[in-house]
Amino acid sequence: MSAESRSNAAPWPVAPRPFYEEAFGSWLGRVATRYQISVGTLWELSVSEDMPVLGTAGWILFPTISRSALGRFATLARLDDGRLSHIQTPPAWLADRRCMPYCFRCLVLNDADVSAPRWKREWLDPTAEFCSVHHSPLETVPASVFRLSNHFDAALRAISRYREKCLFRTTGRLR
Ligand SMILES: [Zn+2]
């Protein structure tokens, strides 16, 4: 596909809307799930410029994208630019990580839409330690979960497997 044909491409038939507290990578991962493709392929099919280089946490810690890429995604998803610009990752948060903190209850129980788990942007803040809703310490998953998952649903499945493994180990120790 040429850059020109890509920039003229029609909007996506369906696109999940980003939640206000969601991370940009989470939204992109959910769009990729919708079309059963990888985040990398989604980028290639959507934007004529190269995808930013991702770190150890893959697409969940998605570097701030260019104005033109932002405009392109906004057109494809029929959103205004502001909506996507609001959920960009602040450059100060971009660093390679071994683990990504998150709150499992918040991940799976999205107040705005129970059927749509999403990754909160605040969990990408390197200083995040507690859940702002539940006031409990954040759990962690290996950053590789996102690097090795094609899209959001694949990452969710990997997170569940990792949690089960951890719970199993904890129970084993207590016995
Ligand atoms: Zn929480």
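Me: What radius of gyration does the protein chain have, and what would a compact globule with 175 residues have?

Reply: The radius of gyration is taken over C-alpha atoms, and the globule rule is 2.2 Å times the number of residues to the power 0.38. With 175 residues, a compact globule would come near 16 Å, and the protein chain, at 17 Å, agrees with that. Along the principal axes, its C-alpha atoms fill a box of roughly 60 × 30 × 25 Å. Please note that this is a predicted model, in which local features need pLDDT of at least 70 and side-chain atom pairs count only at pLDDT 80 or more, while totals for chains, interfaces and linings use all residues. Residues are numbered from 1 along each chain as its sequence is written.

Me: How many helices and strands does the protein chain have?

Reply: Helices (H or I, at least four residues) and strands (E, at least two) are DSSP runs, numbered from the N terminus. Here there are eight helices and two strands. Read along the sequence, they follow the pattern α-α-α-α-α-β-α-β-α-α.

Me: Where does UniProt place the feature "domain: TniQ"?

Reply: UniProt positions are given in the numbering used here, feature names are shortened, and annotations may be inferred rather than shown by experiment. The unreviewed UniProt entry places this domain at residues 13-138. That span is 33% helix and 3% strand, and its end C-alpha atoms lie 36 Å apart.

Me: What percentage of the residues of the protein chain count as buried?

Reply: A residue is buried if 20 or more other C-beta atoms lie within 10 Å of its own, exposed if 12 or fewer, and partly exposed in between; C-beta atoms are placed from the backbone. Of the 175 residues, 30% count as buried.

Me: Which residues touch the most other members of the largest nonpolar core?

Reply: A nonpolar core is a set of buried Ala, Val, Leu, Ile, Met, Phe, Trp, Tyr and Cys residues joined through C-beta atoms within 7 Å. The largest one has 34 residues, and Leu-28 and Ile-60 touch the most other members. Helix H2 (24-34) is among the elements that give two or more residues to this core, and H2 provides its largest share, five residues.

Me: With which residues is Leu-28 in contact, leaving aside its neighbours within four places in sequence?

Reply: Two residues are in contact if their C-beta atoms, placed from the backbone, lie within 7 Å. On that basis Leu-28 is in contact with Val-39, Leu-42, Trp-59 and Phe-62.

Me: Which residues of H3 are buried?

Reply: In H3, these are Val-39, Leu-42, Trp-43 and Ser-46. An arc is that of the directions from the helix axis to the C-beta atoms. The buried residues of H3 fall within an arc of 100° seen down its axis, so they line one face of the helix. H2 and H4 are included in what covers them.

Me: Is Leu-124 buried or exposed?

Reply: Leu-124 is found in the loop between H6 and E2, and it counts as buried because it has 24 C-beta neighbours inside 10 Å. Leaving aside neighbours within four places in sequence, Leu-124 is in contact with Ala-23, Leu-61, Thr-89 and Trp-93.

Me: What is the phi of His-135?

Reply: His-135 has a positive phi of about 55°, although it is not a glycine. His-135 is found in the loop between helix H6 (104-108) and strand E2 (139-142), and it is exposed because 8 other C-beta atoms lie within 10 Å.
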